[in-house]
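Me: Hi! Could you walk me through the side-chain contacts in this model?

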Amino acid sequence: MATDPEQARARLSSFGKVGKSSGEIGSADEEPLIANGIRPSPENYSVSAAILPFLFPALGGLLYGYDIGSTSCATISIESPTLSGISWYGLSSVEIGLITSGSLYGALIGSILAFNIADILGRRRELILAALLYLVGALVMALAPDFIIMVVGRFVFGIGIGLAMHAAPMYIAETAPTPMRGQLISLKEFFIVLGMVGGYGIGSLLVDLVAGWRYMYGASTPLAVIMGIGMWWLPASPRWLLLCAMKRKGDMQDLRESAISCLCRLRGQSIGDSAPTEVDEILTELSYVGEDKEVSLREVFHGKCLKALIIGAGLVLFQQITGQPSVLYYAASILQSAGFSAASDATRVSILLGLFKLIMTGLAVLVVERLGRRPLLLGGVSGIVISLFLLGSYYLFLDDVPAVAVVALLLYVGCYQLSFGPIGWLMISEVFPLRLRGRGLSVAVLVNFGANALVTFAFSPLKDLLGAGILFYAFGVIAVLSLAFIFFIVPETKGLTLEEIEAKCL
């Protein structure tokens, strides 16, 4: 028999009454905690229990980073007449570009797919699908008999990237204890960089083997299998289950009990008997902020979601258009001009910079919950502004002082990994309202990959037109604009639950 909507709303409101057993019905007029300015009950959790719910989704980021690193070496292997092991090694620059950027095109497609399927599949099943696409894509690339099949494999792997980069931040944000949420999502960026370093390292070891590129791509299959099995074993996101309950997509009491069971698995034994209370508080806050309403496509670009979209998409847009790919493009020549002999090997430069990025990302992970999101963004982007103007000055006026360029390069890389690198992904996973999070985050991820593609393709023509010095000055001006955007638009979310962020910051 269908449930009357008003009775359903009253039933949901009653879940928020702390101290009631699961079978009791409280008052539908129970005042939400955030409306009274009262913080929800402290979360009971075990740090060890939070490791696996972070680790398996984060493998999606590791595989993304590995693809970036390994592909830079794989293209060298594929183009070699003696080491490629294939008859179609004589590829044009356009064909090499398709291999290099094929996964990026796939990621754009994956982001568009996520817009439509995310809330239907849920975070866990979306990550299982991403792991399957990673596995299929890696196998197709490793066994590709010709160029066309190789590009198909790159696209399939890229769709996995798009889904993984969409679902992993959501799953981690929705399942992590509030005091650890910032560190865990920032640690996902650490895994991306770790994957890049691993890809460069494994690629450099295999590049001298005949058909070494096949082994480079095949090496990612065990991680894809581990990710898929791990996500199959992990429970669904309790907040996604509660969203289904709010939208009456299933029996409310059953979904509530499932959310309690999932929360107990995610938090370990330390949660004790507090799981029902935590779930009831989340339900009450969701009801207060209107999560029971149906989502329309139009609503993604209105109200709270529009504000969240401006914050999230703005951050990932500035993350890409402040010149990160361009700075790294010049890394080898900058270090070589300063007298570092190892810089003549682009792979060594990539590994060295990757290790430096790992250190700086690790620092961001350690301090993000202590300092907050805004201080890291403001401080880091300020350093990026200085570094870009220094790089511009080097190429225009100070080309006889290579130390300036080295300092600017290291300053840029370090500040990026303290700010835009980890905090951009952290903020887009936090700011969207729950019922719009799947679609809103897919738009933000689409902006991220789209801007990445735009900067990558526009860089060479702009360099030829303006020169490196003017181009870096232009990036510096954009970085100043991003600093103003962060100062005036981006809120601080440190220490707030996802429901409090929606109620207080949007």
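**Side-chain contacts**

Reply: Happy to! T493 counts as buried, because its relative accessibility is 0% (buried means under 20% relative accessible area, exposed over 50%, partly exposed in between, with a 1.4 Å probe and protein chains only). This is a predicted model, where local features need pLDDT of at least 70, side-chain atom pairs count only at pLDDT 80 or more, and totals for chains, interfaces and linings use all residues. Residues are numbered from 1 along each chain as its sequence is written, and side-chain values use heavy atoms, with hydrogens and water left out.

Me: Where is T493 placed?

Reply: T493 is in the loop between helix 20 and helix 21 (498-505). Helices are DSSP runs (H or I, at least four residues), numbered from the N terminus.

Me: And what does the side chain of T493 make a polar contact with?

Reply: With the side chain of R373, at 3.1 Å. A polar contact here is a pair of N or O atoms within 3.5 Å; within protein, one must be able to donate a hydrogen and the other to accept it, and residues adjacent in sequence count only if both atoms are side-chain atoms.

Me: Switching to aromatics: how many pairs are there in the whole structure?

Reply: The search finds 13 aromatic pairs. Rings of Phe, Tyr and Trp (its six-membered ring) pair if their centres lie within 6.5 Å; planes under 30 degrees apart count as stacked, over 60 as edge-to-face and the rest as tilted. One of the pairs is F318 with F485, a tilted one with 5.5 Å centre to centre and 50 degrees between the planes.

Me: Which parts does the pair of F318 and F485 tie together?

Reply: F318 lies in helix 12 (residues 303-321) and F485 in helix 20 (residues 468-489), so the pair ties together parts that are 167 residues apart in sequence. F318 is buried at 14% relative accessibility, and F485 is buried with a relative accessible area of 14%.

Me: Which charged ends sit over rings?

Reply: Among them are K188, whose charged end sits over the ring of W425, 4.4 Å from its centre, and R374, whose charged end sits over the ring of F487, 5.8 Å from its centre. The cut-off is NZ of Lys or CZ of Arg within 6 Å of the ring centre and within 35 degrees of the ring normal.

Me: OK, salt bridges next. How many does the structure hold?

Reply: There are 13 salt bridges, each defined as a side-chain nitrogen of Lys or Arg within 4 Å of a carboxyl oxygen of Asp or Glu. One of them joins D119 and R123, with the closest N and O atoms 3.1 Å apart. D119 is buried at 19% relative accessibility, and R123 is buried at 1%.

Me: Which network are D119 and R123 linked in?

Reply: A network of salt bridges that also has E174 and R437 in it.

Me: What about bridges between distant parts of the chain?

Reply: E430 bridges to R181, with the closest N and O atoms 2.8 Å apart. The pair links helix 18 (residues 420-430), which holds E430, to helix 6 (residues 178-206), which holds R181, 249 residues apart. Both E430 and R181 are buried.

Reply: Another is R239 with E499, where the closest N and O atoms are 2.7 Å apart. R239 is in helix 9 (residues 238-246) and E499 in helix 21, 260 residues apart. R239 and E499 are both buried.

Me: One last thing: which helix gives the most to the nonpolar patch?

Reply: Helix 19 (residues 434-466), with three residues. L465 is in helix 19 and counts as exposed at 66% relative accessibility.

Key
Helices (H or I, at least four residues) and strands (E, at least two) are DSSP runs, numbered from the N terminus.
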